[in-house]
Structure formats: C-alpha cells, structure tokens
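Some notes on the model follow, point by point. Please read them with the coordinates open.

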Amino acid sequence: MKKRAFWLIISPFLLFLLVDFAFPFKVKPSYSTLVYAADGTVLHAFLNEEDKWRLYTELEEITPTLRQTILQKEDKYFYYHFGINPVSLGKAFLRNTISGKRTSGASTITMQVVRLLEPRKRTYGSKLIEMGRSLQLELHYSKDEILQLYLNLIPYGSNIEGMKSASMLYFGKPPQLLSLAEITTLTIIPNRPSSLRLGQKNAYITQERNKWLRRFGQANLFDKQVIEDAISEPLNAYRREAPKAAPHLALRLKKENKGVPIIRTTLVPNRQAQAEQMTRNYVNRLRGLNIHNAAVIVVNNQTMKVEAYVGSADFNNPYDGGQVDGIRAVRSPGSTLKPLLYAVAFDKGLITPKSAVNDVPTNFGGFEPENFDRRFNGKVTVEFALANSLNIPAVKVLQNMTPSVLIEYLKKADFQTVKKQSKDLGLSMILGGCGVTLEELTRLFASFANEGRLQGLHYTTADYKSASSSFRITNPEQRKPDPLISPESAFLITNILTQITPPDLPNNFDNTYHLPRIAWKTGTSYGKKDAWSIGYNKHYTVGVWIGNFSGMGVPELNGANIATPLLFDIFNALDYNSPTGWFKPAADLTQRKVCAESGDIPSDFCQHQILDYAIMGISPTRKCQHLKWVFTDPAAHLSYCTECLPDSGYVRKLYPSLAPELIAYNELNRIPYQRIPPHNAACTRVLEVGAPIIVSPNDGSEYFLEGQQLQLACQAANDVREVYWYVNDQLLQKANPQTPLFFTPPLGKVKISCSDDKGRNTDIKINVIAVN
Ligand SMILES: [Zn+2]
Ligand SMILES: [Zn+2]
C-alpha cells in the first residue's frame, strides 16, 4: 500500500520530467545590441535581428520600486507559486462559468512570459499547454530570471518591446532612473499597447496611471505623500531617437560580439563627442580643397584603453563614404614609420642622434628618392634627418640595416598588411611603400610613450576575456607588455619628435595658437592621398588621418599643414599642458662628447666636439674619420700613396674624407670643399678600391627608347679629375666626373664602362629596345 501511494505521488513528477526532456523549452529571445560608454551611459543602440527595439534589462536594473509595482499589478504571489496560481485559477474558472465570459486575470507572470515567447490562440487547450510550459520555465529558471524575461518581452506598441526599450525611447533614461509615476505608466501600457499609445494619448494615459497609483495607495504599497507626488507629476513621454554615438566602433564591436546584448566599451562620452564634433567641423572647412574625410583615435597610454574612436568625418554622409571606418582602412604610411626605423637603428648600435648622414641625391640600385620639398641638405645629423623627415637618410639607414630587420619589427608590432606584403617590400617601404592602418600606427606610437613596450588596444572592458578580434593579443604570454624597442631608444625618439621644426608645423601656424607639449610625426603618402599626424605625451596617444576614401589625391594634402592642426586641436581639448609630467632619460642612456662632423668618438684632429646621447654597451664606438692624412708635394699639386712616396720633399696634410655622392653634390651645387690633389701620375700602383660608380644608366636594366638620349653619370673619388666613358669598349668621351653626358645608345645589349684617371674601371650592361 505504502509503495503504491509513493508511486501515485511520484509518477506525475517523473512524467513531467519526461515531457520536459522530450519537449525542452528553449528560451532565446533575440535582443537589440546596446553599446555602453565607459561610464555606463548608452552610446549606441541597434535594432535586433527582427528589427525590433528589444533592449536587455539587467537584473540590477530592476529596482525595488519597479519590482513592487509590477508584482502588485500583475502577480502578487509571483514569489510563492510554481508558475500557476491555483487559487486565482479556480476563481477565474468560477467567474468564467458564471458570466460565460473569458477573462485573463488568472495568468501569472510566468504564464504571460510563455505567451510572449510562444503566442497561441486563446483556447482551453492552449491554456493547458501554457500551464505546462510555465512549470517547465519555473523548473529551469529562477524567479528573478523569469521576472527579467517578462520585463524584456512586454510589448509597448509598434516595434518597441521590453521595459528598458520603453524607458530609453520614451523617457530617455535607463530603468533605474525612472520615477514611480513613470514606472506606473510603463506597467499599464503592455496590457493595451495599441490604445495606450505613449506620446500620443498622454492625457488619457495619465488618467489610467493615476487610477493605478491610487490603488497602490489603498494597498499601502507606498507612502501617501509619495503617491500624491506621483499623481501630480506631469507625463513627459515622447518618442526619442535611439542613441547613435560612436557609430564605427559600435558597428565593429557588434560584429565582433555576435548575440551579446550589452557591450561595454572604454569610450569616454565627452571625449568621444568632442572628437566627433571637432573632426566633422574641421573636415567641413577642408571641403573647398576637395578633402572630404578624416579619422581620429585617442588612446590612454596608461590603460591602453581607446577613449575616442572617430572612423570618419560624418557617418551619415553616404557621398563621401561616411560609413567606411578610416581607423581600419589600409593606407600608405608616408613617413610615419621613420621613427621606428631610427629607433631600431639606435638599438642595433648603428647610429646615435648626432651621427652624420648625407642628404644628397643617391641612387639605390635604380631607386632615386627625393625629399618632400625636392631639396637636399648635404651632410646632416640623424636627429635633423628625422625631425625634418628627410628621405635619403632614411633610405640609407634602412639599406644599412636591411629592410628585413624593419619588417620583423613591424610584424612584431602586429602590422597585418605588412605581414602579408613582407616578401615584396624593399627600401621604398620607409617612404610609404607598404600598407598600414591608423589603428596600427597609433598603437606603435603608444609604445614610444610607454618606454618601448608594445601593448594591445582595449575597446571593451571584457577585452581580456574575449578574443574575438584578431587585433587583440590573445596569447597569454604576449599579454605582458612586450618590449618592441628599448626605453633608451624610445626616449631618444621622443626627444627628437618633440623638437619643434618648421617643416612639421603648419604653414599658417600663428603665435596665438596654443601649442600642446607633445612628440609628433607627420606623414604624406605618394600622390598626396593621405595626410597623417600622430602625437603623444605621457597620458595620451592621438592618431589623425585625413584624405579621401575614394583615394583621390589633392595637391594641398600633407601631414604638416592638413593633419597636424586637427591633432593640436584634439590635444588641446584633451590634455593641454598635461600635468602628468614629461619623459625622462632611461637608465642606460649616457651623454658623451662626439665629433660634430661625424657624430663619432673624436680623433686627435676633431676640433669641434658636441654632446650626444649614447646607449651604454650598444651605441657605436668607432673613431671619427672625418679627416684623413694625405701625402702631397709641398705645393699640394699632387698626392702620393705609400708606393710612390719619395724619400724626401713631401708634406703630410689632413684632408676631409668625403663620400663620392657628397663630392658630386658639392660639385653640382658649386659648394666649396677641400679637394685632395690628383694622385701622382708617375705612380704605377692601381688602387682597387674607389673605382667610379656608374649611377646612370642603371646596371642590368632595360631601356625602352623612342629616339631619345640616355644620360651617363658617375660618382668618383675625391682625387679624380677626369673619367673616360666607353660604349661597347669604344671610347665615347673624356669628361669631368661631375658632368653628366648624353648619348644615343645602339640597340640591343650594350656594355658601358667608366674609367678614372688612375685606371680604375667599372662596367655595366644594359638592354636597349626601340619603341616606335
Ligand atoms: Zn671628427
Ligand atoms: Zn701612388
């Protein structure tokens, strides 16, 4: 008997569990995506997949007042029943049988949730299914979760669902900030969403609201005074626009976090608003020049959080590609990779800031770069070359270092396009011959501000947990700040980029303008398609790109004049005269005296010495050779080598030791310099080194000619007075080594030779093809 009673009681439960297993109740409503700012305000809201506003109410957003009001009105015993309220169900059944009408009063909140999730025709049969489903819901979800579901699903007319959607779209605030009157308003709409249209029938809704408020008063739910205040509160509900700030980042994060209803970003609302507005206004002023777009990103160096993200000048302008995200667009970097180049060269012990480099026309195996202003500066220091963004010194440093070394650094810094292009990149990459994004560049510059440590950018507060973006560092080992360059090198770069040099200042720069204290570098891509200006202080790194998404170049477009003013504006708004102090030299940085001519350790003959920074144990320690000893006759008409040096009657004298391209530059520009007298003609020794270098034509190249002439040019040693040009071993002409010649070459394979007055010779071969 006992056993039987046990089974009689237990079997319905088992049956229920079996049914639950066979017909599982999957609750997966599709929510709108909400994008929050760092302070918890809503930046941006998206419709859900069904084009509905169904914003996700979080548990902590359900305040006690909201909970009390809803329960009082809909389901007083919600926390006590198991999905079905047998008492009210019985009452309703009686009422229905007596009156013959059907009322819905017996529905619990759980049953209403079931109906909202699975709408059915109103029959007794579906009522039974709903009750079963309610039991299932209660089995799998807590009471709070069911209440949360209810608040998320209740209808407010048209495509607005859920208490939070109504709260945001009609009252312009989140549920926690609603008053009792507003809460009551929102609890009465869902039963009659079409007749109680918010914003249209506010007077009628106010009447209904006050009816319920009085009932709450009778039930002693709230104080009398609270109820009276709520009744006298005017109803200020109207349909508001959904928030649409930071559209590019909002869209990006929505794509990267599919199905996540609430995305908490690191954006700071007033910075974001300010940056958006400044960018839009600035580009509006540039439209007359046919410049239509810009992108700006602001990174907090301490936290690596992105505080402002402006993907274009105006997201809503379809004519200029406003929806393109300029922060992630792949563009040519212009000169913006030069700081990294010199930083690596400092760390490799190749140069120091005062090292001399020649800024003179140079042929790098067929590649003949020019400077931005098409002028050359002769011998300059590395720091001058970087501060003035000179091209030839940068290419020369890259040539010494080899491009593959720089490519490795760029790969380490996560430059995605460079990774793909790495096999095809050569010396031109340092002048913009590769692809980068504003995001990658800004992150690189933030590493200069962080003593050379490379860190990932953070866009959301959950960045450490989710790894949805390839840009984020997911390997836990790499999450630790990764040294890209040394703190010493980072300081040297910062020091150089802080020097205000005319080429990097906008031309129309006036004295009243506040100049923020920042280190910055500009860049202009080939064809004037991209203007860059990226700057940093201790607190922030800001990246600015200006150009056209169409790729159209504009003569006026350049980093200094077009991008830098916006960079300054943003820094001035952000962090003018930052209180966080300035960068200090790193531990292994020392100062030493070097020869002003070469930047090397002074030799006995180096009169002019200056202070330079050096990295201990790294920086070069070569002795200066800016002068060399030469034996000449007393009148200095000819020079001797050790072979032909007479026993007496000679003098020893110091002469400048100049590179052939610098001699050629001096000759061409009639810059006086001290020449070494020609070598003793009677000498029989042929010096192997120092043969002329043929710079035109280019060895191994094909020339397609339409009857025009070819240029012959060479660079010869300091003591060479004459060179002899041969074409296919036939003497063409004797010439001054600094004077280029022109000649009409024969067709086909042509051998060109250049010999100097000491018999040193260089041959090259070219292929000449006629084009008609
Ligand atoms: Zn010297
Ligand atoms: Zn000799």
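1. Start with helix 4 (residues 109–117) and helix 5 (residues 124–140). They pack at an angle of about 110°, with their axes 9 Å apart. Helix 4 and helix 5 are therefore roughly perpendicular to each other (65 to 115 degrees; under 35 is roughly parallel, over 145 roughly antiparallel, the rest oblique). Axes are lines fitted to C-alpha atoms, for helices over the stretch in contact, and angles run from 0 to 180 degrees between N-to-C directions. Helices (H or I, at least four residues) and strands (E, at least two) are DSSP runs, numbered from the N terminus.

2. Which residues of helix 4 meet helix 5? Thr110, Met111, Val113, Val114 and Arg115 do. Their counterparts in helix 5 are Lys127, Glu130, Met131, Arg133, Ser134, Leu137 and Glu138. Contact means heavy atoms within 4.5 Å.

3. A note on basis. The model is predicted: local features need pLDDT of at least 70, side-chain atom pairs count only at pLDDT 80 or more, and totals for chains, interfaces and linings use all residues. Residues are numbered from 1 along each chain as its sequence is written, chains are lettered from A and ligands numbered from 1 in the order in which they are written, and side-chain values use heavy atoms, with hydrogens and water left out.

4. Strand 14 (residues 540–547) deserves a look. 8 of its 8 residues are buried, so strand 14 is largely enclosed by the rest of the structure. Buried means under 20% relative accessible area, exposed over 50%, partly exposed in between (1.4 Å probe, protein chains only). In a regular strand the side chains alternate between the two faces of the sheet. Here both faces are covered: Tyr540, Val542, Val544 and Ile546 on one side, Thr541, Gly543, Trp545 and Gly547 on the other.

5. Now the partners of strand 14. Strand 6 (residues 293–300) runs antiparallel to strand 14, joined by 8 bridges. Ala295 stands opposite Trp545. Strand 13 (residues 530–536) is also antiparallel to strand 14, over 7 bridges. Gly535 has Val542 as its bridge partner. Strands 13 and 14 form a hairpin with 3 residues between them. Two strands pair if DSSP finds at least two bridges between them.

6. The order is 20-22-25, and the pairing is antiparallel. Strand 20 (693–696) and strand 25 (741–743) are the edges, each pairing on one side only. The twist averages 35° from one strand to the next. Strand 22 (residues 710–715) meets strand 25 over 3 bridges. Leu712 has Leu741 of strand 25 as its bridge partner.

7. How many aromatic pairs does a search of the whole structure find? There are 14. Rings of Phe, Tyr and Trp (its six-membered ring) pair if their centres lie within 6.5 Å; planes under 30 degrees apart count as stacked, over 60 as edge-to-face and the rest as tilted. Phe78 and Tyr79 are edge-to-face, at 5.1 Å centre to centre and 80° between the planes. Phe78 counts as buried because its relative accessibility is 0%. Tyr79, at 33%, counts as partly exposed.

8. Trp520 and Phe568 are edge-to-face, with 5.1 Å between centres and 80° between planes. Trp520 lies in strand 12 (residues 519–524) and Phe568 in helix 21 (residues 559–575), so the pair ties together parts 48 residues apart in sequence. Both Trp520 and Phe568 are buried.
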